[in-house]
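Here is a short tour of a two-chain complex, written to be read alongside the sequence and the coordinates. Let us walk through the sheets, the core and the confidence in turn.

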Amino acid sequence: MIALPNGYAEERLTWHGCMGPLVVKNRFVRGFGVPLDFLQYALRMQEGRLSVRPFISRE
Amino acid sequence: MRTQFPGPGLRPGARVLAWGFRDCTDGWRLWGNVVLVSTSGYIIPDNYNAGSLRLDGQPGSGPLRFGALDSALAAKAGSNSVWAFGGKAAVALLRVTAFVPVADYTHTLRCDSVAIVLGSSARTPRYVDFAVRPPAFAIWTLGIPW
């Protein structure tokens, strides 16, 4: 799973960071800790831009 | 001698640090552990975690302050790849068809597009270049009753 910038129209993308968390296995996204179908619990789309919901919580 | 579990201090109202991870070979069941945090802000490891709870680059001897661990976690979280999704326009699911070493630490993934799972994009990459970094791990803290 990979993130694409706004207006992406290339054939090649350079990813700055570890690829391990982005592996999807059995429809589960390791880095986000959620099944693929529940990605909206980890990522929020607002006005065409993604924001990452923090996975460290304090209660 | 039989180890007491949970430890004697693990009672309702105790301040704890809890963490977990999902194991894909175990139905994604959540595995993890809990350690006590003293009222003075020190982490009290149980027998199982004694000696293994320390920060990278720091000696394992001596008590670990929760504040130091919290700061280290916040710094680690900022370097996690998932934070690179912030500000982007779409999330693409790709199928890797080839792994091509380019240089000592640089590799290229050749990919087929599977789907756009979030947002929208006119195109998905055919090649993804990335550099291999030293192993890193993440801790998901489940609840820090502060």
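In this predicted model, an open sheet of 5 strands draws on both chains, with the order 1(A)-5(B)-6(B)-7(B)-2(A) and mixed pairing. Strand 1 (2–4) and strand 2 (12–15) of chain A stand at the edges; each has a single partner strand, so one side of each is left without a neighbour in the sheet. On average, neighbouring strands of this sheet are turned by 40 degrees against each other, direction ignored.

As background, strands of a sheet pair through backbone hydrogen bonds, either parallel or antiparallel.

Chain A also has an open sheet of 3 strands, in the order 3-4-5, and here the pairing is antiparallel. Strand 3 (24–25) and strand 5 (34–35) of chain A are its edge strands, and each pairs on one side only. Strand 3 of chain A meets strand 4 (residues 28–29) of chain A in the antiparallel sense over 2 bridges, and A:Lys25 stands opposite A:Phe28 in strand 4 of chain A.

Now to the core. The largest nonpolar core has 21 residues, and those touching the most other members are A:Ile2, A:Ala3, B:Phe85, B:Val91, B:Ala92 and B:Val128. Strand 1 of chain A supplies at least two residues of this core, as do strand 5, strand 6 (106–119) and strand 7 of chain B. The largest share, 4 residues, comes from strand 5 of chain B. In soluble globular proteins, nonpolar side chains tend to be buried together.

Which residues does A:Ile2 touch, not counting residues up to four places away in sequence? In chain A they are A:Leu13, A:Trp15 and A:Leu22, and in chain B they are B:Ala92, B:Leu94 and B:Val128.

B:Leu118 is another residue worth a look, and is found in strand 6 of chain B. Is B:Leu118 buried or exposed? B:Leu118 has 23 other C-beta atoms within 10 Å, and because 20 or more count as buried, B:Leu118 is buried. Leaving out residues up to four places away in sequence, B:Leu118 touches A:Leu39, A:Leu43, A:Met45, B:Ala90 and B:Val91. B:Leu118 and B:Ala89 are 29 residues apart in sequence, with 8.3 Å from C-alpha to C-alpha.

Chain B as a whole contains 1 helix and 8 strands, running β-β-β-β-α-β-β-β-β from the N terminus on. Of its 146 residues, 15% count as buried.

How far can you trust the coordinates? The predictor gives the complex an ipTM of 0.90 and a pTM of 0.63. The pLDDT values by chain are as follows.

| Chain | Mean pLDDT | Residues at 70 or more |
|---|---|---|
| Chain A | pLDDT 86 | 92% of residues |
| Chain B | pLDDT 77 | 73% of residues |

In chain B, confidence is lowest in strand 8 (residues 140–143), at a mean of 35, and highest in strand 5 (residues 90–101), at 93. Over residues 134–146 of chain B the pLDDT is below 50, although this stretch has 30 contacts in the model beyond near neighbours in sequence. Where pLDDT is low, the predicted coordinates should not be read in detail. In chain A, confidence is lowest in strand 5, at a mean of 87, and highest in strand 1, at 95.

Note on methods:
Residues are numbered from 1 along each chain as its sequence is written. Chains are lettered from A and ligands numbered from 1 in the order in which they are written. This is a predicted model: local features need pLDDT of at least 70, side-chain atom pairs count only at pLDDT 80 or more; totals for chains, interfaces and linings use all residues. Two strands pair if DSSP finds at least two bridges between them. Axes are lines fitted to C-alpha atoms, for helices over the stretch in contact, and angles run from 0 to 180 degrees between N-to-C directions. pLDDT is the predictor's confidence in each residue, from 0 to 100. Two residues are in contact if their C-beta atoms, placed from the backbone, lie within 7 Å. A nonpolar core is a set of buried Ala, Val, Leu, Ile, Met, Phe, Trp, Tyr and Cys residues joined through C-beta atoms within 7 Å. A residue is buried if 20 or more other C-beta atoms lie within 10 Å of its own, exposed if 12 or fewer, and partly exposed in between; C-beta atoms are placed from the backbone.
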